[in-house]
Amino acid sequence: MKAMVLRAPRDLGVAEVERPTPGHNQVLIRVTNSGVCGTDLKIYEGAIPVRHPLIMGHEMIGEVVEGGDDAIRTGDRVIVDPVNFCGACFNCRAGQTNLCPDGFLLGRDANGGFADYVVAPRSHVFPLPAEIDSQSAPLIQVLTTCLHAHRLVNIFPGQSVAVMGLGVAGQLHVQLAKACGAYPVIGITRSAWKRSLAEKLGADLTFSGGPEGVRSVSEATGGRGADLVIETTGMAPVMSDAISMSRPGATVLLFGITTATQCALPFYQMYYKELKLICSRAAKSEDYPASIYLVARGIVKLEPLVTHVVSLSELEAAIGMLESDTDQRMKVILENSKD
């Protein structure tokens, strides 16, 4: 089969590799579409260490080829949960499968979906209803991580929510907060284009970032500050603003991934406001049926977030789009050849 193989950092190319064979309770899937994300960029650059050669890609959908059952049959469209876990350790038995110390991610720790075929455990394969189109369906994997985070903060109607950073994840957080009845839902980013998109997807207000954004959130919440701030960028200055725009007793959800070991944060504010800081990691299998339901019912919209669709062979160019600072780019979707 054809696959995009990363032989070393920044050494990526098409290669003929052996098609994987499904084992016991595994499913062989012909990949039709996949999403490119920041994790792929970091793996490609070498910022996330991996073993080479590697087939990247963890946001994938496709059609069942082998290994189906009464619920999933050959030819069915499915999405793959790439987060694997052992099921026997302390964390797994505690229901924290996303924290399994022996877990691994397809596309990072094992070959993933930037290929013609991929193998996944039957337990990690979920059917896709006809209401969800194939080009936007890979985004459901991103949505599961957002939904998992929302389960940790338990948004309730009338709660004010500020979402900092309006990339793909930020736009999904806006929609989930709105679906929970939060008000006002405030989107914050420097990009006027992204603010406009967030308003179309349900944000009640949008502001630019920095000190102006902190002041605007304070004014929009009657001088109190936001009940919940969701930080999606992973950048220390934005995390600092998230703390500043939170009301006393608020919750700050640190959703963005940061690898910094040291940074300057307003620690006294954290103490003085008695803030609750919550981090979330990946998702759990239970988040897939719920996310699929939200998209199929039109409660969360994915299509507006797909701005570019290219062929699998153009993966390196797609990764280059992530490296650039192009304003009007959201999700880049790869489309596999039907040959």
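**Close-up 1. Where helices α1 and α10 meet.** In this view, G38, L41, Y44 and E45 of α1 meet E316, I319, L322 and E323 of α10, a contact being defined as heavy atoms within 4.5 Å. The model is a predicted one, in which local features need pLDDT of at least 70, side-chain atom pairs count only at pLDDT 80 or more, and totals for chains, interfaces and linings use all residues. Residues are numbered from 1 along each chain as its sequence is written, and side-chain values use heavy atoms, with hydrogens and water left out. Helices (H or I, at least four residues) and strands (E, at least two) are DSSP runs, numbered from the N terminus. The axes of α1 (residues 38-45) and α10 (residues 315-323) come within 10 Å and cross at roughly 105°, and the two helices are therefore roughly perpendicular to each other. Here axes are lines fitted to C-alpha atoms, for helices over the stretch in contact, with angles running from 0 to 180 degrees between N-to-C directions; under 35 degrees counts as roughly parallel, over 145 as roughly antiparallel, 65 to 115 as roughly perpendicular, and the rest as oblique.

**Close-up 2. The crossing of helices α3 and α4.** Helix α3 (residues 139-153) and helix α4 (residues 168-179) have axes that come within 10 Å and cross at roughly 55°, so the pair is oblique. On the α3 side the contact is made by L139, V142, L143, C146, L147, A149 and H150, and on the α4 side by V168, A169, L172, H173, L176 and A177. Sorted by class, this contact has 11 nonpolar, 2 polar and no charged residues, where Ala, Val, Leu, Ile, Met, Phe, Trp, Tyr, Cys and Pro count as nonpolar, Asp, Glu, Lys and Arg as charged, and the others, Gly among them, as polar.

**Close-up 3. The largest nonpolar core.** A nonpolar core is a set of buried Ala, Val, Leu, Ile, Met, Phe, Trp, Tyr and Cys residues joined through side-chain atoms within 4.5 Å, and buried means under 20% relative accessible area, exposed over 50%, and partly exposed in between (1.4 Å probe, protein chains only). The largest such core has 44 residues, of which I79, L128, I140, V161 and L172 touch the most other members. Elements giving two or more residues to this core are α3, β11 (161-164), α4, α5 (192-200), β14 (226-231) and α9 (287-296), and α3 gives the most, with 8 residues. Apart from this core lies another, of 27 residues, among them M4, L28, L41 and L54.

**Close-up 4. Two cis peptide bonds.** Most residues other than glycine have a negative phi, and most peptide bonds are trans. Another cis peptide bond joins Y183 and P184, with omega about -10°, and P184 is placed in the loop between α4 and β12 (185-188).

**Close-up 5. Two loop residues with positive phi.** R10, in the loop between β1 (2-8) and β2 (11-16), has a positive phi near 65° although it is a residue other than glycine, and with a relative accessible area of 45% R10 is partly exposed. N154, in the loop between α3 and β11, is likewise not a glycine and has a positive phi of about 55°, while its relative accessibility of 58% counts as exposed.
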